[in-house]
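The structure is shown first, and the description comes after it.

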Amino acid sequence: MPLIIMISVSSISILGMVLIPGVDASGHPYHMTFFEAFYFVSFMSTTIGFGEIPYAFTVGQRFWVALCIYPTVIAWLYTFGSILTLMQDKAFRQTLYHTIYARYVRNIREPFYLVCGYGTSGRLLVHRLTHENRQCVVIDVNEQFISELAIDDLHLFVPGLSADASESEHLVRAGLKHPMCRAIAAITDNDQVNLKIAITSRLLHPDLIVVARSEHRDVTASMHAFGTHHVIDPFEAFAEDMANLLVRPAHFRFQSLLAERLDPVDLAARASSLRDSQWILCGFGRLGQAIHKSLTAVGVKVVVIDAFPDKSALPDGSIIARGTQKETLIQAGIMSAGGIIAATSDDADNLSIMMAAKQLNDRVFLVARQETRTDDALFGACGLDMIMQPNYVVVRKAHAWLSMPLLQDFSSDLSIVSDAVAESILKRIEARVPVDEFETWQLEINDYEAPAITELLEKGREIRIADLLRDPWHPEKTQPYIALFARQDDSRWMLPGGSQPLQVGMKLLFCGHRTTAWRAALYHKEALNFALETESLEEERQPG
Amino acid sequence: MSLQRVFFAFFVLLALSMNFGFFYGQIDNAIHHNLYELFGAIVINLIATILKLGERSHFGSLMLASSLVADAGLLAAAMVLGYANHVSGNVTPEFVAVAVSLSGGALVANIVSVTLMVIEAATLRR
């Protein structure tokens, strides 16, 4: 409509300018041509106003111009304003942005991870993945989180879409069906949305690895029912860790070393010495129930304190009161207790339980649940032994599964061995690997990750794991990393020996400190060749 | 009967008739081709184009395309005449012939446009 008005008004003005006679410099009658009229009206309506061309106007012409100026200028401004309004229109901009986003995602040519939910855990996960140079794509329903994504100081550019991830259309736009999409992480804070994402991905892209967060048992069950690869329940996961810490300290240390590069040797020693004393559990919500179940399963005595036991039946001997009161804690036996776990969903309550317990008994093992990240400083100042942050638990698990799918196989193989065996494996690792620079990583023998090895293997050369553990230029030096686990189709090797031959398609899990020698062995064909030659020479020399 | 449809059909048909009015006559004879008629054809064509904007149907996109072709042809014709008058200084029969043949091209596009409009009206279920 504004365009039609502008065209009509301008054309009438132009026509008038052409029809009205003027005079040239010497006084002869002169008619403007269409070109001159068009030129004049153009700069008149846009308020630029170069003046009267080609000759000074007659009174008649000026009369017509005076009539035309106002409508043309108004029509022009009206049109201009409409265009600006359109540009600022939310729906228009969103459509534009979605198109750009979809095009960007379509053009990704490397493996990428689709992260649904950019709250606390989503942000941490994306930070970790991009730090390892893994491309991510983010989708979150909250527009503000997506605009924060643009400000966040990430290692790579991460496109973010603000749309409801539970609608399959949006997931497809975010690259769900993209052939390079490796895995999808459904870690929004809404279980139903996560469930919907998991279902959508299983149906639309069945090869995709799906990692989903779930805090409710029924959602977890339905996620498992249609084959979600990894369901993360932060409460169950933490309860399991807690039980490990008390009865299988070596397993606990091993897991935290693999996932977080931390070695809580003192913590594990201290906690396991307290396993025979009584533990106090404040709060019997989802976390409390999970911890109670896993601790009693391994034979730890637990007393529960809960002020409002709603639907859940409290176990026998529980105290119905607020854990924040000293009398309650004394009644629960804090003086002789081994540890206390504050598992309510309120940060302030948890903190005050911790403070009260500490004042009564300063040797007690303190574990608290922290819900919001902004309370970091408070919880840090409290001097706790362990802090349970649901978001961190989710991120740690999700990250391990996304970046090292093999870790899952390794962990499940590891979890069935006894604590003494885990301890001995840990000792072997510690003998070779500096714990302060510990790293875990996965390698698949293929063109993309290990081109030099793949090429030599395809030529029929035999390469063994030991060749990966040496600097090709200095074969005599041992490198500070070891092979933890290897897998070829259905065969699995725990701590594979150096003589294990490599095959194309084999997946290996390493841990230790990744040195430059590592890259040389993977990418440098000449270096690898050289190392293999010297090795065979030495072998020939030895018998003789 | 809707006023909007009348309006639309009026401009589309007027664009065609104006275009034809300019085109009709001996190809290189400037007297047969009125400049004001070309001006009118351009303005009406532009308005018709804008009326066709925002149509999402298949017919709508075809009509928009044909209208854009007509605009291009007529504007090119106007530019040729403007060039002849102002830059080369003399409107020779060659220039007139070029401008008129360009408007002939635009005429074809306008005919397509009207045909499409008629087809659309004919397929309309009552």
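The model is predicted: local features require pLDDT of at least 70, side-chain atom pairs count only at pLDDT 80 or more, and totals for chains, interfaces and linings use all residues. Residues are numbered from 1 along each chain as its sequence is written, and chains are lettered from A and ligands numbered from 1 in the order in which they are written.

**Chain B**

Chain B contains four helices and zero strands, in the order α-α-α-α from the N terminus. Helices (H or I, at least four residues) and strands (E, at least two) are DSSP runs, numbered from the N terminus. The C-alpha trace of chain B extends over about 55 × 25 × 20 Å along its principal axes. Chain B has 126 residues, of which 36% are buried; a residue is buried if 20 or more other C-beta atoms, placed from the backbone, lie within 10 Å of its own, exposed if 12 or fewer do, and partly exposed in between. Among contacts in chain B with a separation of 6 or more, 68% join residues 24 or more positions apart, a contact being a pair whose C-beta atoms, placed from the backbone, lie within 7 Å.

From an unreviewed UniProt entry comes the annotation "transmembrane region" for residues 35-54, 61-83 and 95-119 of chain B. Such annotations may be inferred rather than shown by experiment, and their positions follow the numbering used here. In the model, residues 61-83 of chain B are 100% helix and 0% strand, with end C-alpha atoms 33 Å apart. Residues 95-119 of chain B are likewise 100% helix and 0% strand, with a distance of 36 Å between the end C-alpha atoms.

**Helix pairs**

Two packed helices are described by the angle between their axes and the distance between the axes. Axes are lines fitted to C-alpha atoms, for helices over the stretch in contact, and angles run from 0 to 180 degrees between N-to-C directions.

| Helix pair | Angle | Axis distance |
|---|---|---|
| α3(B) (residues 58-87) and α4(B) (residues 93-123) | about 165 degrees | 8 Å |
| α8(A) (residues 191-204) and α9(A) (residues 217-225) | about 5 degrees | 10 Å |

The angle makes α3(B) roughly antiparallel to α4(B), and that of the other pair makes α8(A) roughly parallel to α9(A). Angles under 35 degrees count as roughly parallel, over 145 as roughly antiparallel, 65 to 115 as roughly perpendicular and the rest as oblique.

The contact of α3(B) with α4(B) comprises 20 nonpolar, seven polar and one charged residues. Here Ala, Val, Leu, Ile, Met, Phe, Trp, Tyr, Cys and Pro count as nonpolar, Asp, Glu, Lys and Arg as charged, and the others, Gly among them, as polar. In chain A, Asp191(A), Leu195(A) and Ala198(A) of α8(A) meet Val219(A), Ser222(A) and Met223(A) of α9(A). By class, this contact has four nonpolar, one polar and one charged residues.

**Contact between the chains**

Nine residues from chain B and eight residues from chain A form the contact. On the side of chain B, α2 (35-52) and α3 are the elements that give two or more residues, and α2(B) gives the most, with six residues. That side has six nonpolar, three polar and no charged residues.

**Chain A**

An unreviewed UniProt entry lists "domain: RCK N-terminal" for residues 110-232 of chain A. This span is 41% helix and 23% strand, and its end C-alpha atoms lie 26 Å apart.

Glu430(A) lies in helix α19 (residues 419-432) of chain A. Glu430(A) is partly exposed because 14 other C-beta atoms lie within 10 Å. The C-alpha atoms of Glu430(A) and Gly512(A) are 9.1 Å apart, although 82 residues separate the two along the chain.

Terms used:
Contact = placed C-beta atoms within 7 Å.
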